Amino acid sequence: MSARERVAGNVANYVDERTGSAKWLKKTLTKVFPDHWSFMLGEIVLYSFIILLLSGTFLTFWFDPSMREVEYEGSYEPLSGLKMSAAYASTLHISFDVRGGLLMRQIHHWAALIFMAAMVAHLMRVFFTGAFRKPREFNWIIGVGLLTLGIVEGFLGYSLPDDLLSGTGIRIAEAIIQAIPVVGSYLAYFVFGGAFPGEMFIQRIYTVHILLIPGIFLALITAHLMLVWYQKHTQYPGPGRTEKNVVGYPLMPVYMAKAGGFFFIVFGVTAFLGAVASINPIWIYGPYTPGQIGAGSQPDWYMGWLDGLVRMAPPLETHAFGYTISWNILVPGLIIPGIIFTGMALYPFIESWMTGDKREHHLLDRPRNAPNRTALGAMSITFMLVTLINGGNDLLATHFDLSINQIMWFSRIGVFVLPPLAFVITKRICLSLQRADRELVLHGRETGRLVMLPHGEFIEVHEALSPERAYTLTQHEQPAAIAPVVEDENGVRNPKGAKAKLQARLSRAHSEQIAKPTAKDMLEIENHH
Amino acid sequence: MRFLSKYRRHRFAGPLLLLAGLLFVGFGYTVAQAASEEAVLTSSDKATLIAEGKEIFARGCSSCHGLNAEGAGIAPSLIGVGAASVDFQVATGRMPMADMSQQAMRKEPVYNEEETAALAAYVASLAPGPASVTNEELAWERSGDTAEGGELFRNNCAMCHNLAGQGGALTQGKYAPTVMGVEPKHIYEAMITGPQAMPVFADTTITPEEKLSIIKWIKHAENEPALGGAALGRVGPVTEGLLAWTLGLGLLIGIAVWLTTKAR
Ligand code: HEM
């Protein structure tokens with residue numbers, strides 16, 4: 001044993017005797033993680049969050065969260081001498097007079113966009129594979145919380161520079177707050193510390209943006225990852241993978257090395273974007289002044305769907321008891337998002353009620369094997385896309401020579417018609433894919449090789465699937481629909497009759513499947529040949 | 001003569017001669033230019049110009065605007081719109097209108113400079129109206145203030161033309177076009193004539209000096225190097241979001257797929 005090894009051994013021993021860490025470390029370092037690209041989406045989110053913390057900290061060194069009026073004297077000449085808020089001026093200062101400042105601002109903003117995009121992609125992975133099922137419902141709910149927070153955090157950050165573009169967004173946010181019946185105008189007054197825009201707003205959202213929400217983020221992300229840790233990660237089905245085991249690589253060294261390397265890749269891609277592509281060039285937009293407004297003002301993409309909803313709402317107001325209720329803002333700005341996010345958070349429970357499935361699941365579904373869920377997901381995505389498109393209606397109009405009114409009507413109708421259409425089409429596609437799987441298992445892969453038999457008949461040679469592949473394609477269960485209990489055995493009407501009927505109907509929709517090949521089918525085929 | 005021949009071979013002789021030559025040509029050109037401009041003002045020349053304009057008008061414009069520019073069902077009367085309006089409409093290619101679409105679009109001009117001037121002179125002769133701007137009036141490079149121009153633009157123009165001057169949609173398929181790449185003269189004329197859905201900005205609303213500031217800001221924004229990297233069309237968050245999903249997340253997912261494929 002060399003002297004160095006002896007010293008290391010002594011140190012390890014010393015630490016272990018006092019903390020008992022050896023046992024914990026052994027368990028931890030050999031923990032196994034399954035390996036699939038879609039499991040790395042969560043990691044992209046995590047790493048972008050770390051990048052956000054680091055680049056954001058850099059920005060706080062120079063950002064001045066104040067609406068105090070100053071005269072700009074920095075080096076960006078086209079704005080020199082103009083009156084603006086200290087927040088805007090200090091953002092210009094970071095952009096043009098701090099070394100690496102513009103790069104950091106751009107990295108921060110690109111990281112935010114990628115953070116939100118990766119979060120949505122991660123959510124879709126979890127949804128379409130059924131990873132939210134028991135026992136992971138809480139983690140799904142935490143996820144919905146993180147998504148909501150992400151949207152709010154992004155919107156506040158986007159508003160901090162106090163430029164004319166983001167100011168337009170705050171104005172809309174104020175209108176949404178004001179649309180809340182009865183308390184709206186008081187609430188808006190409270191949030192802005194007086195009449196819009198007031199003198200406090202930037203200061204307040206700054207505290208929320210850099211302290212409160214990141215703090216909640218850290219707590220929720222920790223809880224999220226601890227749950228992944230203790231519940232163990234799900235895995236895709238395959239030979240040797242069961243509901244009781246996890247097949248993959250040990251945390252140390254394989255997974256850590258990959259994950260550590262991946263962090264730097266995420267950082268690299270974000271920094272690359274920050275270096276080559278301009279984002280939020282606030283100096284072009286000018287400082288915020290309540291009287292000014294620009295055509296084609298858009299929020300960041302993760303708010304775009306909300307903006308699109310507000311834009312497509314027909315003007316509708318009622319006046320009652322001395323209050324005005326602006327339905328055209330209230331419904332798209334608060335009620336619909338509220339329904340969407342509540343429905344999303346409750347979906348694991350809704351699905352388990354619909355299918356009557358209360359068991360634990362650690363093996364993931366292939367999306368085609370859950371046609372109803374996949375179709376529901378496609379429907380929601382379509383809804384979001386239509387609203388997102390309407391959010392950019394003015395740009396689409398100018399860049400593709402369309403009329404804004406045409407796009408408006410397209411989305412007003414499309415938002416009702418296209419999602420159900422997507423549902424039906426996706427479900428059909430899933431069932432076709434199941435049929436293709438069934439063919440594949442029963443008849444093997446078409447090789448495209450034609451053979452002429454002695455008596456002149458042509459046949460195509462089919463190559464049998466490997467047992468592993470055949471297993472993967474057939475391991476899933478196909479539960480039958482629940483039968484509605486209308487009367488019990490004594491002929492007493494089920495008091496929950498209507499509810500049971502609904503459940504049975506939904507369950508029937510859920511269990512619509514192409515029967516997978518059974519052992520009997522396989523035998524028949526075998527004998528046939 | 002002795003004097004000249006004495007210095008003929010001096011080493012400064014060549015450059016000096018060149019300078020003198022350049023000065024002479026420059027001067028001569030300016031004088032000639034002024035002379036030709038003056039020539040327009042002599043009444044007989046002016047009359048021929050108007051006559052020429054009337055002829056072009058009869059051929060190219062009267063089918064819509066009427067034989068004497070009095071207007072017809074499909075196109076407005078041009079009596080009193082002035083030379084500025086004609087110059088703007090014809091020199092940016094909007095007139096003659098190609099098809100009766102929502103809005104006359106900018107295209108390759110059909111008439112050259114002289115023909116445009118003739119048309120302008122003809123329409124101006126019908127009734128007084130805003131005259132075309134002259135080069136002296138258009139001294140935006142010498143006077144005006146960029147920062148003030150930006151502020152004026154945001155106050156008066158951005159609600160239609162977008163904060164970055166990239167243009168914006170109006171209702172019913174109409175739109176305010178981008179102001180980038182428009183000649184200073186036409187920016188000025190757009191302001192004083194208010195084409196189509198655009199309001200007229202009279203000198204009482206925006207002084208001539210302020211108009212030059214606006215032009216100065218537009219020209220500055222146009223020539224500003226893309227600070228911070230590719231400008232992505234300067235249309236704001238829409239292209240940024242698109243890029244974050246495609247290049248940003250797309251690249252990362254590609255790498256994730258690559259990292260997790262087993263070496264075969
Ligand atoms: C700050 C935001 C988030 C971070 C940092 C994050 C991070 C992660 C990580 C690293 C994993 C393990 C790897 C993986 O499966 O991808 C994971 C798993 C999970 N996440 Fe997230 N996530 C976030 C947001 C969300 C959202 C918005 C949802 C859904 C609404 C969600 C639901 C889940 C669930 C259910 C799992 C367990 C998946 C399984 O075991 O298969 N997370 N998360």
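Start by selecting Gln172(B), which sits in the loop that joins β1 (168-169) to β2 (175-176) of chain B; strands here are DSSP runs of E with at least two residues, helices are runs of H or I with at least four residues, and both are numbered from the N terminus. The model is predicted, so that local features need pLDDT of at least 70 and side-chain atom pairs count only at pLDDT 80 or more, while totals for chains, interfaces and linings use all residues. Residues are numbered from 1 along each chain as its sequence is written, chains are lettered from A in the order in which they are written, and side-chain values use heavy atoms, with hydrogens and water left out.

Colour Gln172(B) by accessibility next: its relative accessibility is 46%, and therefore Gln172(B) counts as partly exposed, the class between buried (under 20% relative accessible area) and exposed (over 50%), with a 1.4 Å probe and protein chains only. Then show its surroundings, leaving aside neighbours within four places in sequence, and Gln172(B) is found in contact with Ser403(A), Asn405(A) and Gln102(B), where contact means heavy atoms within 4.5 Å. Gln102(B) is 70 residues away from Gln172(B) along the chain, yet a distance drawn between their C-alpha atoms reads 8.0 Å.

Now widen the selection to the interface of the two chains, where 66 residues of chain A are in contact with 50 residues of chain B. The area buried between chain A and chain B is about 4500 Å², with 70% given by carbon and sulfur atoms; buried area is the accessible area (1.4 Å probe) that two parts lose on being put together, summed over both. A search for salt bridges between chain A and chain B gives a count of zero, the criterion being a side-chain nitrogen of Lys or Arg within 4 Å of a carboxyl oxygen of Asp or Glu.

Select the whole of chain B, whose secondary structure comes to eleven helices and two strands, and follow the sequence through the pattern α-α-α-α-α-α-α-α-β-β-α-α-α. Of its 264 residues, 38% count as buried, and among contacts in chain B between residues at least 6 apart in sequence, 60% join residues at least 24 apart.

Finish with chain A, which has 19 helices and eight strands and whose C-alpha atoms fill a box of roughly 95 × 80 × 65 Å along the principal axes. Of the 529 residues of chain A, 46% count as buried, and among contacts in chain A between residues at least 6 apart in sequence, 75% join residues at least 24 apart.
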